[in-house]
Amino acid sequence: MTGTLILVRHGESEWNLKNLFTGWRNPDLTEKGIGEARAAGQALKAKGFSFDTTFTSALKRAQHTLDLILEEMGIENVTIVRNQALNERDYGDLSGLNKDDARKKWGEEQVLIWRRSYDVPPPGGESLKDTAERTLPYYKAQIEPRVAAGETILVAAHGNSLRALVMAIEGLTPEEILKREIATGEPTVYELKSDGSLKERIKL
Ligand SMILES: O=C(O)[C@H](O)COP(=O)(O)O
């Protein structure tokens with residue numbers, strides 16, 4: 001038996017547009033982000049998907065994306081589980097700062113290390129490793145068993161919480177996952193075997 005896991009990053013947020021570090025701060029989607037979420041819903045509808053359960057984070061941009069996808073698909077009665085284990089990585093003291101201003105203050109290289117190293121956290125925040133340490137146990141306990149049992153599950157979350165999941169599902173090294181950019185509003189479909197391992201990755 002195979003199950004289906006669909007991962008989608010939220011549409012463009014107001015702070016993506018302003019080029020601000022966001023993390024656990026809570027901006028909503030922009031008009032473009034709303035359009036991206038609706039387009040994701042249309043793409044999933046065109047493929048005939050329906051969901052046994054859906055998951056999202058405790059943050060507005062991901063919740064709103066999920067709501068818009070379900071609305072576009074005409075799905076009204078599915079369970080929505082919201083949990084902060086799926087939140088974006090906490091950007092700590094960088095939250096709310098402009099990414100270009102941060103580069104001017106701390107230098108290009110240091111900011112790149114904070115954004116794209118595996119285990120160096122930004123001041124007061126979480127590294128990708130820290131993020132994976134809270135996201136993966138939640139995935140293993142709440143999401144993977146459902147997919148392994150044959151369900152179809154949609155997860156609307158964030159660039160770095162999804163990186164943590166993709167790394168585990170695809171068996172990527174830290175170097176490989178850090179090169180993977182997860183675009184806003186573009187669903188990825190994974191067929192998983194009954195032991196939770198990957199059968200096929202399909203990009204919509
Ligand atoms: O939290 C943020 O600022 C972004 O959503 C993700 O940031 P990143 O591109 O630095 O990983």
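Strand S1 (residues 3–9) and strand S4 (residues 152–157) run parallel and pair over 6 bridges. Strands are DSSP runs of E with at least two residues, helices are runs of H or I with at least four residues, and both are numbered from the N terminus. Two strands pair if DSSP finds at least two bridges between them. The model is a predicted one: local features need pLDDT of at least 70, side-chain atom pairs count only at pLDDT 80 or more, and totals for chains, interfaces and linings use all residues. Residue numbers start from 1 along each chain as its sequence is written.

Ile6 has Leu154 of S4 as its bridge partner. Arg9 stands opposite Ala157, also in S4. S1 also pairs with strand S5 (residues 188–192), here in the antiparallel sense, over 5 bridges. In S5, Val189 stands opposite Ile6. Strands of a sheet pair through backbone hydrogen bonds, either parallel or antiparallel.

The whole sheet is open and holds 6 strands, in the order S3-S2-S4-S1-S5-S6, with mixed pairing. Its edges are strand S3 (79–82) and strand S6 (198–203), each of which pairs on one side only. From one strand to the next, the twist averages 20°. Such angles run from 0 to 180 degrees between the N-to-C directions of axes, which are lines fitted to C-alpha atoms, for helices over the stretch in contact.

S1 is largely enclosed by the rest of the structure, because 7 of its 7 residues are buried. A residue is buried if 20 or more other C-beta atoms, placed from the backbone, lie within 10 Å of its own; it is exposed if 12 or fewer do, and partly exposed in between. In a regular strand the side chains alternate between the two faces of the sheet. Gly3, Leu5, Leu7 and Arg9 point one way from S1, while Thr4, Ile6 and Val8 point the other way. Both sets are buried.

Helix H3 (residues 60–73) lies across S1, strand S2 (53–56), S3 and S4. H3 runs at about 140° to S4. The helix has 14 residues and reaches 20 Å from its first C-alpha to its last, close to the 20 Å expected at 1.5 Å a residue. The expected span is 1.5 Å times one less than the number of residues. Buried positions in H3 are Arg61, Ala62, His64, Thr65, Leu66, Leu68, Ile69, Leu70 and Met73. These buried residues pack against S1, helix H2 (31–46), S2, S3 and S4. Contact between two residues requires C-beta atoms, placed from the backbone, within 7 Å. Just after H3, Gly74 adopts a positive phi of about 70°.

Helix H7 (residues 159–170) has 12 residues and reaches 16 Å from its first C-alpha to its last, close to the 16 Å expected at 1.5 Å a residue. Its buried residues are Asn160, Ser161, Leu162, Arg163, Ala164, Leu165, Met167 and Ile169. Their cover includes S1, helix H6 (128–148), S4, helix H8 (174–179), S5 and S6. Gly171 follows H7 and has a positive phi, near 65°.

The residues around the ligand are Phe21, Thr22, Gly23, Glu88, Tyr91, Arg115, His158, Gly159 and Asn160. A residue is near a molecule or strand if its C-beta atom, placed from the backbone, lies within 6 Å of it. By class, this shell has 2 nonpolar, 5 polar and 2 charged residues. Ala, Val, Leu, Ile, Met, Phe, Trp, Tyr, Cys and Pro count as nonpolar; Asp, Glu, Lys and Arg count as charged; the others, Gly among them, count as polar.

Three further residues were examined. Met1 sits in the segment before S1. Met1 counts as exposed because it has 8 C-beta neighbours inside 10 Å. Beyond residues up to four places away in sequence, Met1 touches Gly150 and Ser194. The C-alpha atoms of Met1 and Ala149 are 7.4 Å apart, although 148 residues separate them along the chain.

Leu204 is found in the segment after S6. Leu204 is partly exposed, with 14 other C-beta atoms within 10 Å. It touches Ala43, Lys47, Pro187 and Val189, not counting residues up to four places away in sequence. Ala39 lies in helix H2. With 17 C-beta neighbours inside 10 Å, Ala39 is partly exposed.
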